[in-house]
Amino acid sequence: MGEKDLAALELLDREVFDDAGHPLMYLTSLYLLFQQSWYVAEYDGDLAGYTLVCPNSDNSEVWLMGLAVSSEYQGKGIGRLLMDKAMELMMASGASDAYITVRPDNKAARHLYEAFEFTAEGEVRDNFYGNGDPYQVLQRSLVTDPYIAALS
């Protein structure tokens, strides 16, 4: 991910997330803060998708803040590759738990996240981001052996 990718990322974000897509100013701020944990996927020289992983301020949890694949490139395994990279970043973060939000009607994303052992945490929340859309928080422990971790 480089600063040169931001304009194309804004278009991709709006394509995939509609009115929940982020404006360039917000994406630039995220880039300045989290450029080391933001990756893009290219296909035939085009921006095909991205993933962004962000730890919270005390690094006790990490969030997948975005994973998007352009409709033109879906079904080519790009989402799985990006999720593999996201998991690598989450595991390396040192956080004990990882979180993702997903729209209840986004069956493809939910299926992908469940394949990486994310499970629902609580009920679907209406208007989660203030845009009127419902989202569900999914969670996954990043501790490889919870029993050993609890003893230390």
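Leaving aside its neighbours within four places in sequence, which residues is Asp-19 in contact with? I noted first that this is a predicted model, in which local features need pLDDT of at least 70 and side-chain atom pairs count only at pLDDT 80 or more, while totals for chains, interfaces and linings use all residues. Residues are numbered from 1 along each chain as its sequence is written, and side-chain values use heavy atoms, with hydrogens and water left out.

Entry on Asp-19. I found Arg-103, Asn-131 and Asp-133 in contact with Asp-19 once those neighbours were set aside, contact being heavy atoms within 4.5 Å. For Asn-131, I read a C-alpha to C-alpha distance of 7.8 Å from Asp-19, across 112 residues of sequence. I placed Asp-19 in the loop between α1 (6–17) and α2 (24–34), where helices (H or I, at least four residues) and strands (E, at least two) are DSSP runs numbered from the N terminus. Asp-19 is exposed, at a relative accessible area of 57%, the class being over 50%, with buried under 20% and partly exposed in between (1.4 Å probe, protein chains only).

Entry on the chain. I listed 5 helices and 6 strands in the protein chain, following the pattern α-α-β-β-β-α-β-α-β-β-α along the sequence. Buried residues make up 39% of its 152 residues. Among contacts between residues at least 6 apart in sequence, 55% join residues at least 24 apart. I also noted that the C-alpha trace spans about 50 × 30 × 30 Å along its principal axes.
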